[in-house]
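Good morning, and thank you for making the time.

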Amino acid sequence: MKTDFLFTEAHTYPSGSEDACVTLLFQIKWPDGFVCPRCTYSDFYVISTRRLPLYECRLCHYQASLLTGSIFEGSKTDLTKWFTALALVSTEGGTSANRLHQIIRVTYKTAWLMLQKIRYAIGCADTETLLLGTVRVNTAVYNRPQNSSFQASPTEQPFFVGAGASMETPAEPDYVKMKLIPKQYIRDRVVNGKAIQAFTESEIDGTTTDVTFVAQRYSSARFIPLLQLAARACRWINRTFMGLGRKHLQVYLDEFCYRLNTSRISTCILSTLANLCMRAPRFTYKQLTSFSS
Ligand SMILES: [Zn+2]
């Protein structure tokens, strides 16, 4: 697949070359022009002897790397391939590692790790955003068996689907989150108060007073639009990834919510995603491969 058309979707991506990617990432990292990370001086030399340029401060001679502090740091994969991955994640249905590795011609493992790094960046950005305004939260279940047994299935994964909306338009959420409920807070399919407390503390702004939780499956007060969003997320996961276990489910739920939330605001999803990836906190291989809670 040619990458050019993916980059022209947003006017900031004039072509699919490595140079164009470097220019774009430079603008994201230093939107007001180069700033030396050590002394804040703004004048620099470009050192072009490596695969990617280094930027040397003319005052203290510190050599700054473009990719330091981003999910791309240390990667040997071409930036054009990274941007193809970002573009595919930004499309409505996202992408699987199986599809990505065929498109950009890297190994399946490399493609999987690239996507996990992107999802990690998305998850980090989500933790910085809290639900505000009129907040409604409902329990939902991934992989709920069709039978009506009262016994919980070992494969079913309960999660909270929560949304914050303005008082004027409570039916149109500004931001949606889906978070797995820790297993220690569930017994016989009943979610206890500690789960609600944990979600409230980590996902809802402390100044918000209009918060309603529905934790019972058949409650007449349940929030149908939220459950419909949760069902869409589950269908997308099963269709695109052929189903998932608990271990990685959270980052896929975050990815689904990311597309949902950014599609509601008038911004380029690809550009926003590139920004997130340039400022993701440091991670370890272990963090990328073990997200379970
Ligand atoms: Zn300097």
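Predicted model: local features only at pLDDT ≥ 70, side-chain atom pairs only at ≥ 80, totals over all residues.

**The zinc site and its surroundings**

The four donor atoms around the zinc ion subtend angles of 102 to 117°, and this makes the arrangement tetrahedral. Four donors are called tetrahedral here if all angles lie between 85 and 135 degrees. For reference, the ideal angle for four tetrahedral donors is 109.5 degrees.

Residues are numbered from 1 along each chain as its sequence is written, and side-chain values use heavy atoms, with hydrogens and water left out.

Which residues coordinate the zinc ion? The donors are the SG atoms of C36, C39, C57 and C60, at 2.3 to 2.4 Å. A donor is an N, O or S atom within 2.8 Å of the metal (3.2 Å for Na, K and Ca); water is not among the atoms, so sites may look incomplete. Along the chain, the zinc donors follow the spacing C-x2-C-x17-C-x2-C.

C57 is buried, at 0% relative accessibility, while C60 is partly exposed, with a relative accessible area of 23%. The cut-offs are under 20% relative accessible area for buried and over 50% for exposed, with partly exposed in between (1.4 Å probe, protein chains only).

T40, in the loop between α2 (18-29) and β1, has phi near 70° and is exposed, with a relative accessible area of 57%. H61, in the loop between β2 and β3, has phi near 65° and is partly exposed at 44% relative accessibility.

Let me turn to the strands just mentioned. Helices (H or I, at least four residues) and strands (E, at least two) are DSSP runs, numbered from the N terminus. Two strands pair if DSSP finds at least two bridges between them.

In the order β1-β2-β3, three strands form an open sheet with antiparallel pairing. β1 and β3 (63-65) are at the edges with a single partner strand each, so one side of each has no neighbour in the sheet. From one strand to the next, the twist averages 30°. Such angles are taken between axes, which are lines fitted to C-alpha atoms (for helices over the stretch in contact), and run from 0 to 180 degrees between N-to-C directions.

β1 (residues 44-47) and β2 (residues 54-57) are joined by four bridges and form a hairpin with six residues between them. Within that pair, Y45 stands opposite E56 in β2. Three bridges join β2 to β3, and there Y55 stands opposite A64 in β3.

**The four-stranded sheet**

A further open sheet has four strands in the order β6-β5-β4-β9, with mixed pairing. Its edges are β6 (175-180) and β9 (211-214); each has a single partner strand, so one side of each is left without a neighbour in the sheet. Neighbouring strands of this sheet are turned by 20° against each other on average, direction ignored.

How do the partners of β4 run? Strand β4 (residues 134-142) is parallel to β9, through four bridges, with V137 opposite F213 in β9. β4 is antiparallel to β5 (residues 157-165), through nine bridges, and G164 in β5 is the bridge partner of V135. Eight of the nine residues of β4 are buried, so this strand is largely enclosed by the rest of the structure.

**The core**

Which members of the largest nonpolar core touch the most others? They are I118, F159 and M178, in a core of 77 residues. Helix α5 (residues 108-127) gives the most to this core, with 11 residues. Domain 1 (4-127) and domain 2 (134-266) both contribute residues, so the core lies between them. Domain bounds come from an automatic or database domain assignment. A nonpolar core is a set of buried Ala, Val, Leu, Ile, Met, Phe, Trp, Tyr and Cys residues joined through side-chain atoms within 4.5 Å.

How values were computed
Tetrahedral: all angles 85-135°; square planar, octahedral: opposite > 155°, others 65-115°.
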